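Work through the two exercises below with the sequence and model at hand. Try each task before reading its solution.

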Amino acid sequence: MSDQQFEPKIVGFLCNWCSYRAADLAGTARIPYAQNVRIIRVMCSGRVDPTFVLMALSQGADGVLIAGCHPGECHYIEQNYKAMRRYELLMHALRPFGIEPERVRLVWASAAEGQQLAEAIDKMVADIRKLGPLKWQDNWNENGERLEALEAIAKEHQEAMEVCSHGH
Amino acid sequence: MATEKGKLAIYWAASCGGCEISLLAINEKILEVDKAFDIVMWPCAADGKVHDIEKMADKSIDVCLFNGGIRTSEQEYMARLLRAKSKVLVAFGSCAGEGCIPGLGNVSNREEMFELNYLKCPGLDNPKGVVPQTETEVPEGKLHLPLFYDTLKTLDQTVEVDYFLPGCPPEADRIWDAIVAILEGKLPPAHSVIGENSTVCDSCKRVRSEKKIKSFKRTWQIIPDPEQCLLEQGLLCCGPATRAGCGALCPEVNSPCIGCYGPTDGVHDFGARLMSAVASVIDSQDPDEIRRIIEEGIPDPIGTFYRFSLAKSLLRRSRQNGHHATPATQEATL
Ligand code: SF4
Ligand code: SF4
Ligand code: FES
């Protein structure tokens with residue numbers, strides 16, 4: 001596959017009260033934007049646990065978008081500030097894992113900001129397209145001939161046992 | 001009499017040996033263990049040969065306490081062997097359960113580790129640049145060394161595990177509780193942790209006042225107040241994310257919990273759980289200030305959030321530059 005054909009898979013956690021509606025608005029207003037985000041509606045950006053992001057990245061997502069109400073406008077008062085702090089902590093932790101910051105984004109978009117959300121998504125898709133697929137689980141592949149190495153041990157032990165029993 | 005005794009195996013893989021000591025820390029109760037079980041294998045303290053285990057019928061060992069993570073093919077072989085021969089396999093201690101300190105090697109890989117340890121480490125005397133190979137020809141024939149893996153796996157990422165006993169190392173009293181539970185057949189549901197399901201904070205006597213902080217402190221930077229919660233004094237205490245069982249030993253002596261008992265039930269990722277808790281104490285609503293507080297105060301995020309649980313975390317390891325060629329699907333076949 002050539003780079004041109006790479007369509008990033010992005011999981012998007014969108015707040016019910018603002019960004020989810022912004023995405024809706026972008027849809028109904030026919031604002032064109034990249035179709036790479038699988039949207040999951042959450043009640044608030046503060047609901048997004050770092051676990052959700054790690055789960056997505058480890059299971060095949062190329063990026064994760066978190067979108068919520070602008071600071072000061074969260075329907076649960078301060079939960080988007082919590083989202084902000086969690087996000088910064090998570091980004092700090094993801095760096096030494098080798099995950100580029102472009103892959104995980106936090107954006108604020110009110111229900112009226114369909115255009116802004118569409119632009120943020122387009123930008124994110126373009127950035128990740130440049131980075132290429134994440135394919136996280138490929139990192140878990142083992143060096144060398146693991147199965148051969150395991151079989152070799154079993155075979156050696158078998159031979160050793162035969163030598164032992166000949167001795168008796 | 002001997003016929004009534006059960007069979008017990010104790011084994012170690014990628015670990016420090018501390019779990020073996022912790023088992024002996026049950027003191028004279030080890031005699032009770034001896035009364036109930038014949039120890040068929042315990043490389044650290046008793047005899048018992050691999051080929052004797054290989055000759056046994058499947059499921060003929062009643063209990064196997066397995067400590068250590070899986071870093072080499074030989075350790076994987078032993079994990080598979082002991083799994084097949086044991087009725088109950090217990091992941092004993094943090095290394096078997098979560099990878100622990102040996103699992104922190106997952107920020108690196110074999111090539112980098114060999115290069116550092118055999119070629120670059122100051123004080124080495126290796127002029128010929130000899131690096132371990134899995135096969136060597138000698139006049140008597142071929143000698144084999146186990147294959148060293150890029151990624152340390154936990155025991156349950158390798159074989160099916162019946163129970164987990166957390167801790168680095170597990171506390172002697174908790175070990176004894178587990179042995180009694182096994183002897184009396186009063187075990188929790190399969191695949192669960194034998195232990196408590198509250199947090200270290202729940203058993204910590206320090207006073208919490210919902211105080212927030214403007215900076216994190218390293219342990220050498222302050223002498224903490226002995227009464228107040230350490231996290232609220234800026235020390236990154238893992239108590240909120242860590243399973244109880246130790247009696248909050250570390251905060252008790254003015255030292256933050258570093259998370260050795262691992263997460264509570266149902267948590268997919270210890271680090272993520274801890275990040276959530278830590279995010280709540282940062283006293284700022286300004287992204288730049290938040291970033292500064294975090295970057296200045298937490299210089300080693302993997303060592304802080306995943307000290308014991310990197311191998312078991314959702315990501316398991318850091319990214320490798322060149323992905324390896326073996327397809328991931330091969331993992332499941334043997
Ligand atoms: S954060 Fe640490 S010091 Fe504070 S209550 Fe929890 S265990 Fe105790
Ligand atoms: S306080 Fe934390 S680090 Fe210390 S023994 Fe208990 S669980 Fe382990
Ligand atoms: S309700 Fe939208 S971010 Fe909290």
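**Exercise 1.** Is Asn16(A) buried or exposed?

*Solution.* Start with the cut-offs: buried is under 20% relative accessible area, exposed is over 50%, and partly exposed is in between (1.4 Å probe, protein chains only). Asn16(A) has a relative accessible area of 8%, so Asn16(A) counts as buried. Asn16(A) sits in the loop that joins strand S1 (10-15) to helix H1 (19-28) of chain A. Helices (H or I, at least four residues) and strands (E, at least two) are DSSP runs, numbered from the N terminus. Finally, list the partners. Beyond neighbours within four places in sequence, Asn16(A) is in contact (heavy atoms within 4.5 Å) with Arg21(A), Arg41(A), Val42(A) and Met43(A).

This is a predicted model: local features need pLDDT of at least 70, side-chain atom pairs count only at pLDDT 80 or more, and totals for chains, interfaces and linings use all residues. Residues are numbered from 1 along each chain as its sequence is written, chains are lettered from A and ligands numbered from 1 in the order written, and side-chain values use heavy atoms, without hydrogens and water.

**Exercise 2.** Describe the interface of chain B and chain A.

*Solution.* Count residues: chain B gives 56 and chain A gives 48. Then take the area. About 4,900 Å² is buried between the chains, 63% of it from carbon and sulfur atoms. Buried area is the accessible area (1.4 Å probe) lost on putting two parts together, summed over both. Last, look for salt bridges (side-chain nitrogen of Lys or Arg within 4 Å of a carboxyl oxygen of Asp or Glu). The rule finds four across this interface. Glu88(A) and Arg291(B) form a salt bridge, N to O 3.0 Å.
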